[in-house]
Amino acid sequence: MEFSEHIKTANVEDVVLRRPFHPPMQGTLCVTGHHLLFSNRDGDSSRLVLLLLRNIDAIEKRPSVSSGTITLKCKDLCVLQLDIPGMEECLNIARSIEYLSSLDIVSDMYPFFYRPLKLSLQDQWGLSSPEQNYAQMEELQDRWRLSHVNKDYSVCPSYPPAVIVPHSIDDETLVKVAKFRQGGRFPVLCYYHRKNGMVIMRSSQPLTGANRKRCREDELLLQAVIDGSGLGYIIDTRSNQQAQQARMTGGGFESKSSYSCWKRLHRQLERGKVLQESLIKLVEACGDHSHSVDRWLSKLENSKWLSHVHTALATAGLLAECVERDGHSVLVHGSEGTDATLLVSSLAQLILDPNTRTLDGFLGLLEREWLLAGHPFQHRCAHSAYSHARLRLEAPVFVLLLDCVWQLARQFPLAMGFSEPLLLRLAREVYASDYGTFLCNSDQERCAAGVKERTHCLFQFLLKPSEREHYSNPLYEPTELAIWPSIQPQSLQLWRGLFLRWTQHAVHLEKAQEELRNLVIECRGAS
Amino acid sequence: MKYIQSSVEQVRLLERFSNKSTSGTLHLTATHLIFVESNNTATTAAQEIWILHHHIASVEKLSLTTSGCPLVIQCRNFRVVHFVVQRERDCHDIYSSLLRLLRPVSYDELYAFSYNPKQNEQQREEGWQLIDLGAEFERMGVPCDRWQLTDVNRDYKICETYPRDLYVPITASKPIIVGSSKFRSKGRFPVLTYFYQEKKAAVCRCSQPLSGFSARCLEDESMLQAISKANHNSRFVYVMDTRPKLNAMANRAAGKGYENEDNYSNIRFQFVGIENIHVMRTSLQKLLEVVGSRFLSVNDYLLGLESCGWLRHVKAVVDAAIFLTKAVTVEGASVLVHCSDGWDRTAQVCSLGALLMDPYYRTIKGFMVLIEKDWISFGHKFADRCDQLDGDPKEVSPVFTQFLECVWQLTEQFPQAFEFSEWLLLQIHEHVHSCQYGNFLANNQRRREELQLGDRTHSLWAFLLREQQNYLNPAYCPTYADTHPVLEPSTLPCHFKFWRNMYHQFDRSMHPRQSVLKNVLTLKESNCQLEDTIKDLETRLQKHGISPPTPDPQASPRDQRILPTRPHSLILGAPLSRKEAQRQQEEEEEEEEVGEEVTECCSDTERTVEGSSGTERKESYSDLQGTYGAKAEPAVVSLEFGVARMTC
């Protein structure tokens, strides 16, 4: 393998591994192209610890004369320590890890090499296609059509080849609308509310610019959406001021005069750097072992993470309220329409649509609203909270989504078909994975890199019978009703399972959860 | 209802954290204030709110508005209700009646003396005999070769706030005890409260010494010596002063203070810095102000939690208990705990410490014993602290509430270690303030005997034990005690959380809409019933000479699994309220009267249908609907998420 040139020292004996919940272990450390392998032969039993290099977020080394210590801070927030005899070995290994953990050529990544016995590359990749999604929703087919205008990704590189648009809007118009929207992300349907036929659309910002440019086709498209009900809401995930400022850089918003039937509501959701820094501060606070309650609360407050959770849920609630209670269609966008927009639209769907609350439905939602809709996973999840690298495009939007979903599941423990372990698993896989699902930034990139032919699909794997059982919620009882979350600060909680996972006491909680789970399964099985 | 004194119609009840309101009728009885929602739809049961007069902490009449006269009632169980009464005169009538009713001046006026559940005299007496502290000390292994029961306080002569039966080291002679008690505030000399059998280490409690700047007392010194000598594991005894050092020093000026290490041989003195009752009272008030504000942002909430200091104080108490536990279980040393008078912080620390050390106290019965021992018998001033009679507001303080919260924090850290769920804690809290049972009335045992509580009132413990299935923690693992006899809680601040179900118990919009706890309990309960039914049916079949068929796995248990719901509890999963329990009991009795020969299974399903307006599933979702559903509200989008309705 071409990685070998970066591995000067492949094996070291008598290394001590320290990790949470386990006593220190002595054994052999081995560096491969994608993994750190640690094995210890203690009498007859041999134990193996396998760590994906991609999972390593930051590495700190403290070499001394005859040995060295490497601290590995992982993207799943676990912190490990290796005591390595021999300074040179220590430095070599550290160098290898540093290089190999930050590879950024997609085809070099582990999913392209992962070949488990139980899975075959011939298996279906992905859960469903836009065509299948469209075919399933018969109710909307007289007013909405499937457009293949983007079949070669030329109209919008971050959209899938097929999207759902109003029936009366032809492909030519769509091409013109795309030119008026940032990144070509013209308004497309993402949710159809069966109860009243209202829809949720999403897009990017219109490129009105400083001189208030208009686009007839864009106005037509939106008019076609509300044709019949006569009114619609636009939820802009920026503050009014931010939207105004965006005009200076060529962006903008739908003005009242041009879109007279649409009412704009501004809700400021943080994105990008602010969100990443929030995560960094939160993780730092959780790792602070000072004993002062005041300090903890002030750090928690200072991280603002729970505020972001609150805003996301509140905005999603607002969106769902517009659709379900007020009976109007909604267009949601921010600037690029690939982050906060997706967050809000998918949370609103969870609130409204019982089909998205099953295990299959939820993974389907993620596929539609995040993978196909072009959330740039590779950019957003390049680094996590420990990294010392300069922040570029990282932002934990997807982690924020998972946290919000967890909050929903806390408030409606019977309404979700999936369990907390699924959310935790996704939170880990999105940063470092054996599977190709979260690679690249868009469907186009995934196709170009051959992800769908040469890697395995995480979602397909999670739905295999053996896994399915582990990730389902035994208490699940489907409800057709919307699940309106309480967004009082007192109702929101820190997601211990993720952020305090590695503290000493997480074990008690995990055990108890497991116990409850078994109990429920047992009871249900018996009766 | 024969007690009704007055009723006012067309009263609006405003929801605390939203703009919604319901209208109904307000009834005032001799014991309760009752709000009955006027039922507009037949589908949902009318909401009823029963507020016991003793629970009302304050009534406030706000200035008249266009819609009527607002009346705000704050309760000791943290319920806050906001009524709007149409006519000012009615409002004033209720206001002044309540003012009269909620300030009882003598014990005889308390509800406990008139409360009369359907119970005969024998049951009532048995209720009082459920908990026997003599047996509890025996369980710990006392008396033994080093500790004995002393009769010095048989007639409450040495210390009137202590119980009659006290345990002291065998070597502590009567003169030593008497001398020591004279040197201790309120005569509360060092006595045994918990004995850790494994290491023969003792937890003792007392009040502060009257040392002033230089006074000493040889008997008191011998007393501590005796405690130390009674433990061969350790050469010294820890003396834990639970106060901040500054407070203890200030007390010296008043002739009180703390032990001088030079005068006492073999002691290790330690301050642990728990603040006094006044600080705690203010802190909780601030907390309630913060979480009571209507449009609270996440940041203000967290900053408010920080600035009120409540969680810091809770952690300080837990930290002290951990210190105590480590000294006893790890070092095998005996510990003497005191604060000023030894009935607030001392009770907190001793009882929490015992809870950490001894799995027995983590069972339902054991927890009752613990409260009976460390709080009731050792004279925590429940009457003063909980404001049972019209008294000095400076004496009121949420010390016991804080203890319950500490226990809750521990149950959150060790979900498998406790037999009871938080409902037991909430229910105990409810009744500490309700004055419905005799257990918590008055300030000490002596006074309780004078009031003849055992003869004239009922015991809460009997009531709780009777319906203990409501308080079970489904995750409880009895074998957990074998692997974790001593709990070692984390002291990391991130493990101390705001107890929403205590401080917002009655704020419906705040809680999860579905409860795992309730669901699992119901599942468990119905499973047991189903098993019984199967056995029963099998035996019947066998009687008829038919072998039981193999069970059909397809037969869905869904309908049978559903148990009577508890439609009026605000938090899903709340145990039955007394009223509901009574109603259910009555229903059951009615059924008995019918006396039809129905199989257990059948009668059970029937009761399900009768007992509630639908199946559990429907109920819990109609609950969702009731709060958010489109029908219940005018078609205006203006609610939690704050859109203005679009008018065009």
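This is a predicted model: local features need pLDDT of at least 70, side-chain atom pairs count only at pLDDT 80 or more; totals for chains, interfaces and linings use all residues.
Trainee: Is B:N443 buried or exposed?
Mentor: Buried means under 20% relative accessible area. B:N443 has a relative accessible area of 15%. Therefore B:N443 counts as buried.

Trainee: Which backbone nitrogens does the side chain of B:N443 reach?
Mentor: B:N443 touches several residues beyond four places away in sequence, including B:Y107, B:F382 and B:R448. B:A383 and B:D384 are also among them. The side chain of B:N443 reaches the backbone nitrogen of B:D384 at 3.1 Å. At 3.0 Å, it reaches that of B:A383.

Trainee: What area do chain A and chain B bury between them?
Mentor: Contact involves 66 residues of chain A and 68 residues of chain B. Carbon and sulfur atoms hold 64% of the buried area. The area buried between the two chains is about 6200 Å².

Trainee: Which element gives the most to the side of chain A that touches chain B?
Mentor: Ten residue pairs are in polar contact between the chains, both residues at pLDDT 80 or more. Elements of chain A that each supply at least two residues to that side include β12 (232-236), α7 (293-303) and α19 (506-526). With eleven residues, the element that gives the most is α19(A).

Key:
Residues are numbered from 1 along each chain as its sequence is written. Chains are lettered from A and ligands numbered from 1 in the order in which they are written. Side-chain values use heavy atoms; hydrogens and water are left out. Contact means heavy atoms within 4.5 Å. Buried area is the accessible area (1.4 Å probe) that two parts lose on being put together, summed over both. A polar contact is a pair of N or O atoms within 3.5 Å; within protein, one must be able to donate a hydrogen and the other to accept it, and residues adjacent in sequence count only if both atoms are side-chain atoms. Helices (H or I, at least four residues) and strands (E, at least two) are DSSP runs, numbered from the N terminus. Buried means under 20% relative accessible area, exposed over 50%, partly exposed in between (1.4 Å probe, protein chains only).
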